[in-house]
Amino acid sequence: METAKKKTRPNAAKLAAKVIKEFEGFESKPYLCPANIPTIGYGNTIYPNGERVKMDDSEITEEQATEMLMDTIKTVEKQVKNVVEIKL
């Protein structure tokens with residue numbers, strides 16, 4: 001008897017991170033984005049502690065940038081779930 005494979009749903013946050021990483025690219029040092037806003041990592045303009053990125057901030061690692069990106073995605077995910085009334 002064959003066991004049916006359970007379909008696993010892709011993790012939305014991980015899918016979002018993959019797309020964002022491809023679109024944004026990684027920068028270890030602060031840079032000015034096209035809107036002239038200090039940015040770092042994978043497009044973050046604010047650190048998880050709420051501080052804005054400044055041009056004289058220290059370099060970050062790709063691992064730190066991924067953590068920042070995931071934190072941002074999870075924050076936005078919660079905000080969306082709070083305003084959307086249907087199950088996504």
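Which residues does Ala65 touch, not counting residues up to four places away in sequence?

1. Overall layout. This is a predicted model, and its elements should be read with that in mind. The protein has 2 helices and 2 strands, which run in the order α-β-β-α from the N terminus on. Of its 88 residues, 22% count as buried, while the accessible surface comes to about 7400 Å², with 54% of that surface belonging to carbon and sulfur atoms. Among the contacts with a separation of 6 or more, 37% are between residues 24 or more positions apart.

2. The largest nonpolar core. This core has 12 residues in all, namely Ala13, Ala17, Ile40, Tyr42, Tyr47, Val53, Ile60, Ala65, Met68, Leu69, Met70 and Ile73. The elements that give two or more residues to the core are α1 (12-24) and α2 (62-83), and the largest share, 5 residues, comes from α2.

3. Helix α2. The 22 residues of α2 should span 32 Å at 1.5 Å a residue, and the end C-alpha atoms of the helix are 32 Å apart, which agrees with that expectation. Buried in α2 are Ala65, Met68, Leu69, Met70 and Ile73, and what covers the buried residues of this helix includes α1 and β2. As background to such a list, an α-helix has 3.6 residues a turn, so residues three or four places apart point the same way.

4. Ala65, and the opening question. Leaving aside residues up to four places away in sequence, Ala65 touches Phe26, Gly41, Tyr42 and Ile60. Ala65 is itself one of the buried residues of α2, and both Tyr42 and Ile60 are, like Ala65, listed in the largest nonpolar core.

5. Ile60. This residue lies in the loop between β2 (38-41) and α2, and it counts as buried because its relative accessibility is 12%, where the cut-off for buried is under 20%. Not counting residues up to four places away in sequence, Ile60 touches Phe26, Ser28, Ile40, Gly41, Ala65 and Met68.

6. The aromatic pair. A search of the whole structure finds 1 aromatic pair. The ring centres of Phe26 and Tyr42 are 5.5 Å apart and the ring planes stand at 50°, so the pair is tilted. Because Phe26 lies in the loop between α1 and β1 (27-32) and Tyr42 in the loop between β2 and α2, the pair ties together parts that are 16 residues apart in sequence.

7. Thr39. The side chain of Thr39 reaches the backbone oxygen of Ile37 at 2.8 Å. Not counting residues up to four places away in sequence, Thr39 also touches Lys29, Pro30, Tyr31, Cys33, Asn44, Thr45 and Val53, and Val53 is one of the residues that make up the largest nonpolar core.

Methods:
Residues numbered from 1 in each chain as written. Predicted model: local features only at pLDDT ≥ 70, side-chain atom pairs only at ≥ 80, totals over all residues. Heavy atoms only, no water. Core = buried A, V, L, I, M, F, W, Y, C linked by side-chain atoms within 4.5 Å. Buried < 20%, exposed > 50% of the residue type's maximum accessible area, 1.4 Å probe, protein only. Helix = DSSP H or I, 4+ residues; strand = E, 2+ residues; numbered from the N terminus. Contact = heavy atoms within 4.5 Å. Phe/Tyr/Trp six-rings, centres within 6.5 Å; stacked < 30°, edge-to-face > 60°. Polar contact = N/O pair within 3.5 Å; in protein donor to acceptor, adjacent residues only side chain to side chain. Areas by Shrake-Rupley, 256 points an atom, 1.4 Å probe, with all protein chains shown as cover. Expected span 1.5 Å × (residues − 1).
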